[in-house]
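User: I would like to learn how to read a protein model. Please take me through it one feature at a time.

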Amino acid sequence: MSLQRLLHAIFLIALPLVVAAWGLSLFSAVLLVLLGLAWRQLIVLAALMNPPGGPEVVLETIQNSHFAEKGRWCLDRLGVDYVEKPWAGILGVFFKGRTVPMLTVRTGRTHASICESSEILRYLYGRYAAERPDRAAFLEPTPERLDWERRLDRYGAHLQIWVYHHLLRDPAACKSAWGAYSQRVPTWQRWTVLTLYPVFEWFIRKAFQPDEAHTAKAVERIEALLRDVETQLGDGRAHLLGGEAPDFTDITLASLSTLWAWPANFAGGRYDADRPGPDALPEGLQADRLEWRERYPLTSAHIDRLYAEERTVTGTDAREPAAD
Ligand SMILES: N[C@@H](CCC(=O)N[C@@H](CS)C(=O)NCC(=O)O)C(=O)O
């Protein structure tokens with residue numbers, strides 16, 4: 001939200017207070033309403049007249065989000081010049097009702113925003129396939145790839161239930177996962193997370209219901225997917241769907257699995273300073289993580305290899321994300 005829009009929103013919220021505090025007449029109140037409408041119209045017209053500034057492509061993320069990593073990785077692989085804006089966890093969905101990753105692109109005199117990682121990938125392919133056919137080939141949405149992506153995205157959602165089951169038992173780890181101690185996240189957001197943590201914890205419990213029974217079901221589904229991936233890789237193929245190079249299903253699998261596989265080079269190493277080592281993860285999470293690594297060795301090796309080959313700091317553009 002621009003500063004003008006923010007000031008206007010504050011004006012609207014404060015309006016009834018001003019009327020009540022000063023005991024204004026109906027006539028004065030109507031004048032204030034007309035002033036608010038005129039102000040709003042000026043903001044719209046000014047935005048149309050002035051070409052929008054700022055970066056052309058912005059990716060809003062939460063540093064540790066596995067869905068955000070999927071979008072980030074695809075942008076890096078395509079070689080798109082973008083700015084990453086890391087948010088503190090939960091604030092975006094709680095206050096704005098949007099999830100991350102969210103991609104915003106400048107479209108002529110306005111901006112367009114896309115949430116949902118899969119929709120972002122479809123946009124990127126449509127936007128860059130003609131301009132960079134070789135680089136964009138990994139994003140081509142074939143029916144088989146789309147079908148796997150749908151299954152993998154569901155797996156990513158089950159992993160959220162599992163991860164919150166463990167994180168909510170360890171508030172310090174949860175706050176850290178939300179970026180509350182990261183210098184890259186704006187200070188006001190970090191303080192908001194630390195201050196309103198009990199409210200956000202309640203919200204997450206309502207949203208994901210990470211109790212024993214629900215988590216056990218989620219774990220069943222996670223393991224069913226991991227078994228399928230293990231079978232798929234069992235014939236010695238180098239990539240999930242047998243191609244010679246990774247495609248977006250490999251990247252989706254690897255990104256979403258970071259919650260348990262905890263590979264080196266997450267986000268191309270950008271957030272290493274803020275990420276705990278695997279040994280510092282909450283106990284239950286660490287136990288499952290070790291078990292899954294042992295039970296699904298081909299999947300684990302595939303994820304590690306993709307991260308080693310594609311996400312090394314030198315192999316990716318490790319620009320500083322913007323923290324405003
Ligand atoms: N299906 C969505 C899922 C996105 C999602 O659940 N993102 C989480 C982070 S992993 C989120 O935005 N959480 C809200 C928040 O923390 O603000 C996608 O593929 O993008």
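**Reading the model**

Analyst: Glu116 counts as partly exposed, with a relative accessibility of 47%. Buried means under 20% relative accessible area, exposed over 50%, and partly exposed in between (1.4 Å probe, protein chains only). The model is predicted: local features need pLDDT of at least 70, side-chain atom pairs count only at pLDDT 80 or more, and totals for chains, interfaces and linings use all residues. Residues are numbered from 1 along each chain as its sequence is written, and side-chain values use heavy atoms, with hydrogens and water left out.

User: Where is Glu116 placed?

Analyst: Start with the elements. Helices (H or I, at least four residues) and strands (E, at least two) are DSSP runs, numbered from the N terminus. Glu116 is in the loop between strand 4 (110–114) and helix 5 (117–128).

User: What is the phi of Glu116?

Analyst: Most residues other than glycine have a negative phi, and most peptide bonds are trans. Glu116 has a positive phi, near 75°. Ile90 also has a positive phi, near 80°. Ile90 lies in the loop between strand 2 (83–87) and helix 4. Ile90 counts as buried because its relative accessibility is 8%.

User: Which residues does a cis peptide bond join?

Analyst: Val100 and Pro101, with omega about 5°. Pro101 lies in the loop between helix 4 and strand 3 (102–107).

User: How many residues surround the ligand?

Analyst: A residue is near a molecule if one of its heavy atoms lies within 4 Å of it. Here, 14 residues surround the ligand. The closest are Ile62, Ile90, Val100, Ser117 and Gln160.

User: Which atoms of Ile90, Val100 and Ser117 lie by the ligand's oxygen atoms?

Analyst: Think of polar contacts. Each is a pair of N or O atoms within 3.5 Å; within protein, one must be able to donate a hydrogen and the other to accept it, and residues adjacent in sequence count only if both atoms are side-chain atoms. A backbone N or O atom of Ile90 is 2.7 Å from a ligand oxygen atom. For Val100, a backbone N or O atom is 2.8 Å from an oxygen atom of the ligand. Ser117 uses an N or O atom of its side chain, at 2.6 Å from a ligand oxygen atom.

User: How much of the ligand does the protein bury?

Analyst: Taken alone, the ligand exposes 510 Å², and the protein buries 86% of that. Helix 3 (66–78) and helix 4 (91–96) are the elements that give two or more residues to the shell around the ligand.

User: Is Ser257 buried or exposed?

Analyst: Ser257 is buried, because its relative accessible area is 0%. Ser257 belongs to helix 12 (residues 248–261). Contact means heavy atoms within 4.5 Å. Setting aside neighbours within four places in sequence, Ser257 is in contact with Tyr155, Trp262 and Ile303.

User: Where does Leu24 lie?

Analyst: In the loop between helix 1 (3–22) and helix 2 (26–49). Leu24 counts as partly exposed, at 31% relative accessibility. Apart from neighbours within four places in sequence, Leu24 is in contact with Val18, Val19 and Leu32.

User: What separates the C-alpha atoms of Glu220 and His158?

Analyst: Check sequence and space separately. Glu220 and His158 are 62 residues apart along the chain, with 9.3 Å between their C-alpha atoms. Leu24 and Pro276 are 252 residues apart in sequence and 56 Å apart in space, C-alpha to C-alpha. Glu220 lies in helix 11 (residues 212–233) and counts as exposed, at 58% relative accessibility.

Terms used. Areas by Shrake-Rupley, 256 points an atom, 1.4 Å probe, with all protein chains shown as cover.
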